[in-house]
Amino acid sequence: MLVRDGGCARPGCSEDRPERLHAHHLRHWLHGGRTDVDDLVLLCDRDHGAVHDLDLTLHRRAGRLVAHAVDGTPVWQDEQADGGPAPLVHVADPSLPLGWPANGERLDLRYAIGVLLDNREVLRRHLQEEAAGRLRLAG
């Protein structure tokens, strides 16, 4: 998977450290998905958490990962299609390190909690406001 995906498969994400990557089923095993390389995709811990928190549906189109919200709205734009990256919204604390070396250093609890929480409440609120804005425009 690492050779195929090169790291996190979300367009625009550059995370490629194996300790930050998770295998995610494109088709959940409860719904008949197989646990083999063709049905798995690598996602970094942040994007993997967002996929589950937002109940996103993932599939590949022309070898690229595509994500849709429950209502069918595309979440990640293919950066090659529109000329620039369109990352999933992350509101990160700039004082947190991008990663910590796995060399026996003490656990940075602030960083670990930041990764676990990953500003998910802010992301949920942003998506709700965005959805409310689309409804107002449509109505």
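**View 1. Asp45, a buried residue of the predicted model.** D45 has a relative accessible area of 16% and is therefore buried (buried means under 20% relative accessible area, exposed over 50%, and partly exposed in between, with a 1.4 Å probe and protein chains only). This is a predicted model, in which local features need pLDDT of at least 70 and side-chain atom pairs count only at pLDDT 80 or more, while totals for chains, interfaces and linings use all residues. Residues are numbered from 1 along each chain as its sequence is written, and side-chain values use heavy atoms, with hydrogens and water left out.

**View 2. The salt bridge between R20 and D45.** The N to O distance of this pair is 2.8 Å; a salt bridge is a side-chain nitrogen of Lys or Arg within 4 Å of a carboxyl oxygen of Asp or Glu. R20 lies in the loop between helix 1 (2-5) and strand 1 (21-25), and D45 in helix 2 (residues 45-53), so the pair ties together parts that are 25 residues apart in sequence. Helices (H or I, at least four residues) and strands (E, at least two) are DSSP runs, numbered from the N terminus.

**View 3. The network of salt bridges that links E15, R17, R20 and D45.** Within this view, E15 and R20 meet through their side chains at 3.9 Å, N to O. E15 is buried at a relative accessible area of 13%, and R20 is buried at 9%.

**View 4. The salt bridge between R4 and D5.** The closest N and O atoms of the two residues are 2.8 Å apart. D5 counts as buried at 19% relative accessibility, whereas R4, at 36%, counts as partly exposed. The structure holds 5 salt bridges.
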